[in-house]
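Work through these exercises with the model open. Each task is followed by its solution.

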Amino acid sequence: MSHISEIFGTNVFNDSVMRERLPKATYKALRKTMDEGLPLTLEIAEVVSSCMKDWAIEKGATHYTHWFQPMTGITAEKHDSFINPTEDGKVILEFSGKELIKGEADGSSFPTGGLRATFEARGYTAWDCTSPAFIKNNTLYIPTAFCSYTGETLDKKTPLLRSMECLSRNAVRVLRIFGNNTVKKVTATVGPEQEYFLIDKKSYDKRKDLIFTGRTLFGAKAPKGQEMDDHYYGSIKDRVSAFMKDLDEELWKLGISAKTEHNEVAPAQHELAPIFSNANIATDHNQIIMELLKSVALRHGLVCLLHEKPFAGVNGSGKHNNWSLTTNDGQNLLDPGKTPHENAQFLIFLCAVIKAVDEYADLLRLAAGNPGNDHRLGANEAPPAIISIFLGEPLTKILEQIASGEDICTNKAGKVTVGVSTLPTLPKDTTDRNRTSPFAFTGNKFEFRMVGSSASIASPNFFLNTIVADVLEQFADRMEKAENLEAEINCIIKEVVQKNGRIIFNGNGYSEEWVAEAERRGLPNIKSYVEAIKCLLDEKNLAVMERQKVFSRVEMHSRYEISLEKYIKTINIEALTMLEMSKRQILPAVINFGAQIANSINQIKSCGVDADISANEELLKEVTSLTSQLKKEIKTLEEKLTKAQESNQDTYEQGMLYRNEVLVQMDNLRSVADKLESIVDAKLWPFPTYADILFNI
């Protein structure tokens, strides 16, 4: 245990390091910037940069980088050394306040969605002092925001920071109405659970689909999958345990409180969960976790797969985004209270979430989506694509009773009239967790279970923060003007339950009955990511993001174009990979196998042996038929891919063409190839099978 406490945060320029190294006046000024968003002067930045440089060099750093999160979905970095040449041919180590505060990157080389022309290359990175700098691989990493020369956001951090500001502002307004005059800030806190697969690198290197796309485009079902439930929470194998030990140490050095690790449902699948932190730091930490999962795995001869569905027919990988609201003095606003006053406050924040999720379900569906998650949502162990909220029966019943004006039983002796001043203690954790719900209340937080394992959690959180902030603003406007606050609070709760209660569903989200029920309720069932992208241009969504100053309309349009472009390119790469594997690996293997069967038949016949060769002939007939069908499906995929590539329709229609024709044909081709895999000689099959990959660690 002493070892953990000794190494934890040693590679982070955190608050304790700043307090120790910075002059008191500088430290206080920096804290003002971090806590209250006050401007940071260049003079203060010069002092901070000098101390940061000295600390980093002592830790062995030779370079620094502005670390940012462009719209590629991964992080980006450009390393510069601390050295500066002198006239005598030597060097000195320098790092200025200007270099700390602002950097420059090639903005045209990252997705912009039409915000910049190719020749308009300049983009800027700006230091985010609220997320601590850290050292990795002898480099000082400085978390930064990324924007264009003309000021539009080109990253995921900037809208997240904006959303956190508007959420805090409106939540504090509500708290003031409830008489809390001391709280200064409300923060969205997040604890993202990260699922992933670990496979042997030798198997990975033999699969072009895994190398190019992150998922298997072919693969017949293994004789055993997850049906025995023996991998979930099972004993961790030595090789995986050694990997987890190294990973924990790397994360702890970077101040990432990796807390929980275990085997997940599918064979070769695992999960890591950190302790909650504010949404911005949690997002940065999750990006680091994904990077370290991959790099540490390679040290152990393993490859970490973060794709949402790397293997068909078994559990996909998600990233459960546990979201809550916390005040600067430590109060969880989604924690039911012990007094009527606290419970009224809790119900207002709860109703803000309910109303926001119902009215902007399409935005949350988009936020949780990507091309990979289309293969996961609604499949093994994953929530459906229909957004709903699980509250549990006791809490749902109380909301319904308030809405109907019924009495609430408080004890065996009698009842009380529903009202803010008489609300009884509300239940907490009185209901079993609903693993089928995409958005579940779990006692003092919401678990957004739809988010995909490869995705940045920035988008789910900045959309969630923004829509909740907007509803809180509406509530605050009403309550501030109310002559009778208690009556207005009851009115708000009733309205939310009556108008938005349709989003509450405590049943089995996997059932077919729920799909029909959701349609009856008028809930959107957006089945694919490409269809979800369209909601970015809906007027209500444009308006809320603009109203809360998280995105301008121009920035929303750029996100629309970037998302469609990403979808199209992803499916295009998958289709091209599939064609290459089909034509250059699978087809030669099955033709070879067919030739071997034909030769064996001819040899038996030429020997004049009276033998029953009907089985050989039936097998040859089956292989020949499937081979012919395989060639046909390859040709059809080539035609449909060419049609999609050469389409002159707008990007949305082109995306739908990839979705409805190319992707469907890819499934047709896979079906034939997987049948062939199940009958072709294992020695001839050109790449490792599911059985080889999932059970060899």
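**Exercise 1: The whole chain**

Task: find what share of contacts in the protein chain joins residues at least 24 apart.

Solution: Take contacts (heavy atoms within 4.5 Å). Keep those between residues at least 6 apart in sequence; 75% of them join residues at least 24 apart.

The model is predicted: local features need pLDDT of at least 70, side-chain atom pairs count only at pLDDT 80 or more, and totals for chains, interfaces and linings use all residues. Residues are numbered from 1 along each chain as its sequence is written, and side-chain values use heavy atoms, without hydrogens and water.

**Exercise 2: Burial**

Task: state what percentage of the 697 residues is buried.

Solution: Buried means under 20% relative accessible area, with a 1.4 Å probe and protein chains only. By that cut-off, 55% of the residues of the protein chain are buried.

**Exercise 3: Helix α20**

Solution: Helices are DSSP runs (H or I, at least four residues), numbered from the N terminus.

Task: which residues of α20 are buried, and what do they pack against?

Solution: List them: V623, L626, T627, L630, E633, I634, L637, L641 and A644. Now the partners: these buried residues pack against α19 (553–606) and α21 (651–677). An α-helix has 3.6 residues a turn, so residues three or four places apart point the same way.

How values were computed. Buried < 20%, exposed > 50% of the residue type's maximum accessible area, 1.4 Å probe, protein only. Helix = DSSP H or I, 4+ residues; strand = E, 2+ residues; numbered from the N terminus.
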